Amino acid sequence: MNHPLLFEINTRCWLRLLSEQAGREVTLADVPDSEFVRWQQLGFTHIWAMGVWTTGPRCRLMCFDGGNMEATFNRLVPGWKKEDVPGSPYAIAEYKVSAALGGEAGLKAFRKKLHAHGMKLLLDFVPNHMGLDHPWATKEPDHFMQSPGPGAGVFEQETVLGPRWLAHGKDPNFAAWPDTIQMNYRRPETRAAMIEILKSVAERCDGVRCDMSMLLLNDVFARTWAHLPDASPAPKTEFWPEAIGAVKQAHPQFIFLAEAYWGLEGRLQSLGFDYTYNKTVYDLLANRHYGEVQPNLLSCPPEYLAASAHFLENHDEPRIAPILSPAENRAAALLVLGLPGMRFLYEGQLDGRRSQIPVQLGRWPDELVNEEIATAYEQLLTTIKDSCVGRSMATLLRPNGWPDNQSSRNIVAVLWQKSPVEFDLVVVNLAPHTSQGVVVLPVSDLASKHWQMRDLLGTEKYQRPGSELAANGLYLDLAPHHAQLFRFEPHTH
C-alpha cells in the first residue's frame with residue numbers, strides 16, 4: 001500500500017517568487033523543470049496547488065478596508081501594493097484557472113509535467129459557499145441561503161428575480177465570511193449544480209481538498225441555518241456519497257481529502273472520503289501535549305489512521321518554526337512523516353518560514369532560510385524516500401514501560417514492513433527528557449535470524465539475536481526529542 005506524501009503550495013505566492021527569481025513572469029504553463037525535479041527528489045507523490053481559481057473585484061475590494069487586514073499586510077510586507085492582494089482563493093468567482101496564473105492551458109501543462117515526474121495534482125473544491133462575484137449571485141439566487149429581510153450575516157443582492165437578502169457563508173462557531181455567499185444544501189437543485197461543478201473540477205486534476213467538508217453534513221447544516229427556514233424539505237440523504245460516487249464512477253483513483261474538525265472525521269470517511277485532516281494530533285504537537293500523542297494514536301482504529309492526513313502546517317495554521325524548537329520540529333516531522341495515512345507538508349515549512357500570511361495576500365514576506373530546519377527536512381525526506389516508510393504495511397506499536405518508569409508514553413513507534421526480511425522502524429521520543437520503553441516486533445520468523453539495526457538518520461548500528469528480540473522485545477533508550485529510522489537486515493556471520 002502506498003501512502004501519499006502531499007505538498008501544498010500557495011500557487012499565487014509561489015509563482016510570484018519564481019517570477020522574481022527568473023526575472024520574468026512565470027505561470028503554471030512554464031514552471032522551471034527544476035521545481036518538478038526537486039519535488040520528485042524529496043519523494044512527494046501529490047502537489048496541492050492551492051488557490052488557482054478565479055476571484056472577483058467585489059471580494060478583492062473587501063481586503064482594502066483600512067482596518068486589521070491592511071495592518072497585517074503592512075506588518076508582513078511593508079510597501080505592498082494593491083496588485084499584491086488578489087483576494088481570498090476561498091471566495092471563488094468562477095471555477096476557471098485565473099488568467100494571471102496561466103489559465104486553463106497553463107494548468108493543463110502543469111499537470112502534464114507533474115505526471116511526467118510521477119506526481120499527481122490536487123485542487124480546491126469549496127462546497128460550502130461561493131464568492132460575492134459568482135454569476136449565480138444574480139442569475140441563480142435560489143442556490144443560496146436567503147433571509148426575508150436584513151439581519152446579521154446577510155446582504156442585499158440585485159438578482160434576475162428582483163432584490164434578495166442572501167446569507168454570507170459561515171462556520172457556526174465564528175462570524176460569517178463577508179466575501180462569500182452560503183449555498184443552500186436543502187435544495188436538490190443546489191446539490192445537483194455543485195456536483196456538476198465538482199465533476200468539472202475532476203476533469204482537470206487527480207484529487208480535491210474539500211474546504212470545511214463537515215459543514216455540509218445534514219445535521220450540521222440544519223443546526224447552522226435553523227434561523228433561516230425555507231420551504232425546502234429536509235434532505236433524506238447526505239451530499240457527500242452522491243458527489244463522491246459521481247466523480248469516482250468516471251475517475252476511480254480520484255482522491256478526496258476533507259478539511260474536517262469536531263470529531264466528525266470518521267463520519268466523513270464512512271461517507272466516502274479517502275482522507276480527513278488529523279487536527280487532533282496537530283493540536284497535541286503544537287501545544288506540546290507530548291504525553292497524549294501516543295495514547296491518542298493507539299486509540300485510533302488502524303483503518304481510521306490510514307485514512308487520516310497528518311500535518312504540522314497548512315495555510316490555515318500558524319507556522320510551526322516559531323512554536324517548536326528545531327529539535328522538537330524534527331521529531332514532530334518524523335512522527336508526521338512516519339505515520340500511516342496521508343503525510344502532508346506546506347510550502348515554506350521545509351525552510352523554517354515563520355510568518356503565516358492571510359490567504360488574500362499574493363506574495364511571501366522576505367525571510368531567511370533556517371538552515372538547521374532545512375537540513376533536517378532534507379535528510380528526513382530523502383532518507384524516507386528510499387525506505388519502507390509510506391510504501392509498505394504499517395503497524396503502530398505500543399511501547400511498554402515498567403512500574404517506576406512510564407516515560408515510554410512519550411515514544412511513538414511505527415513498523416513498516418515489505419517482507420519478513422525487509423522492514424524499517426520509526427521511533428520518536430517527543431519528550432524534552434530521555435524516554436525508555438520496550439516494543440514487540442510483530443515480524444514472522446523474527447527468532448530464526450540474527451539482525452543488524454542501522455539508523456538511517458544517524459550513525460548508530462547494533463546487532464541483535466532474533467531469539468532475544470522475539471523473547472524480550474526491542475529495548476529503546478531515546479534522548480530528548482530524538483528521532484530515528486532503523487533499517488533491519490539479516491546479519492550473516
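Helix axes are taken here as lines fitted to C-alpha atoms over the stretch in contact, and angles run from 0 to 180 degrees between N-to-C directions. Helices (H or I, at least four residues) and strands (E, at least two) are DSSP runs, numbered from the N terminus. The structure is a predicted model, in which local features need pLDDT of at least 70 and side-chain atom pairs count only at pLDDT 80 or more, while totals for chains, interfaces and linings use all residues. Residues are numbered from 1 along each chain as its sequence is written, and side-chain values use heavy atoms, with hydrogens and water left out.

Helix α7 (residues 188-202) packs against helix α9 (residues 239-250) at an angle of about 35°, and their axes lie 9 Å apart. The crossing of α7 past α9 is right-handed (the near helix is turned clockwise from the far one by less than a right angle). With contact defined as heavy atoms within 4.5 Å, α7 contributes R191, M194, I195, L198, K199 and A202, which meet F239, E242, A243, A246 and V247 of α9. These contact residues comprise eight nonpolar, no polar and three charged (Ala, Val, Leu, Ile, Met, Phe, Trp, Tyr, Cys and Pro count as nonpolar, Asp, Glu, Lys and Arg as charged, and the others, Gly among them, as polar).

A total of 27 salt bridges is found in the structure, each being a side-chain nitrogen of Lys or Arg within 4 Å of a carboxyl oxygen of Asp or Glu. Residues are classed as buried under 20% relative accessible area, exposed over 50% and partly exposed in between (1.4 Å probe, protein chains only). E196, at 47%, is partly exposed, as is K199 at 33%.

In a second salt bridge, K248 and D274 have their closest N and O atoms 2.8 Å apart. K248 belongs to helix α9 and D274 to the loop between α10 (265-270) and β13 (275-277), so this pair ties together parts 26 residues apart in sequence. D274 is partly exposed, at 23%.

R288 and E328 also form a salt bridge, with 2.7 Å between the closest N and O atoms. Because R288 lies in the loop between α11 (279-286) and α12 (293-299) and E328 in helix α14 (residues 326-338), the pair ties together parts 40 residues apart in sequence. R288 is partly exposed at 41%, whereas E328 is buried at 7%. Elsewhere, a network of salt bridges links R16, E20, D84 and R363.
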